[in-house]
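Please look through the sequence and the model below before reading on. The paragraphs after them go through the structure part by part.

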Amino acid sequence: MKMRLTAALICLAGASMFSVSASAQDNTRNWDYGNVIATSGVHLEPGAMNAYLNDLNGLWRVFLDQQIKDGNVVKYRILENSFARDGEPDLILITEHPNWAAFDLSNEYFEDLTKKLQGSLDKARDASIDRGKLRRLGGNSVYREIKLRN
């Protein structure tokens, strides 16, 4: 009987230690939000890798370089899915933005930028149709960076 009571007290004491440590957790916010990162999956048509990357190296790159100059994009990059399984994208296009405000730019901003870089909205539409022959867009995701403080 005494042994059972001792075992029960030890279990109770152990359980209370866990509850004390759980309630003593540090709940201060020791992090800050960072940049906003947008990703787009791209499924390439067979044999279209070079043609599509050449297309990206042209207008897409110039478009994003201008947005970097305007302060709306921090950087951009392309990742290749080296071992894509069925249904997974071949490429991931990544753009990094300083904040959510970059997503609230007006239609006029993008129309003016498109006209500046491509000459007209009609030319942009035609280029988009041609680009569609090289790839199919997959899912898009948007992530918010979290920076831990020291």
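Apart from its neighbours within four places in sequence, Glu80 touches Met49, Asp90 and Leu91, where contact means heavy atoms within 4.5 Å. Glu80 is part of strand S2; strands (E, at least two residues) and helices (H or I, at least four) are DSSP runs, numbered from the N terminus. Between the C-alpha atoms of Glu80 and Val42 there are 9.6 Å, although 38 residues separate the two along the chain. This is a predicted model, in which local features need pLDDT of at least 70 and side-chain atom pairs count only at pLDDT 80 or more, while totals for chains, interfaces and linings use all residues. Residues are numbered from 1 along each chain as its sequence is written, and side-chain values use heavy atoms, with hydrogens and water left out.

Strand S2 belongs to an open sheet of four strands in the order S2-S3-S1-S4, with antiparallel pairing; two strands pair if DSSP finds at least two bridges between them. S2 (75-80) and S4 are the edge strands, each pairing on one side only. On average, neighbouring strands of this sheet are turned by 20 degrees against each other, direction ignored. S2 and strand S3 (residues 91-97) run antiparallel and are joined by six bridges. Arg77 has Ile94 in S3 as its bridge partner. Helix H2 (residues 49-69) packs on the sheet and touches strand S1 (31-44), S2, S3 and S4; the directions of H2 and S2 make about 160 degrees. Such angles run from 0 to 180 degrees between N-to-C directions, and axes are lines fitted to C-alpha atoms, for helices over the stretch in contact.

Two further helices meet each other. Helix H3 (residues 107-118) and helix H4 (residues 121-132) have axes that come within 8 Å and cross at roughly 80 degrees. H3 and H4 are therefore roughly perpendicular to each other, a term for angles of 65 to 115 degrees. From H3, Glu111, Thr114, Lys115 and Gln118 meet Leu121, Lys123, Ala124 and Ala127 of H4.

The structure holds eight salt bridges, each a side-chain nitrogen of Lys or Arg within 4 Å of a carboxyl oxygen of Asp or Glu. One of them joins Asp32 and Arg149, whose closest N and O atoms are 2.7 Å apart. This pair links distant parts of the chain, 117 residues apart: Asp32 is in strand S1 and Arg149 in the segment after S4.

Methods:
Parallel < 35°, antiparallel > 145°, perpendicular 65-115°, else oblique.
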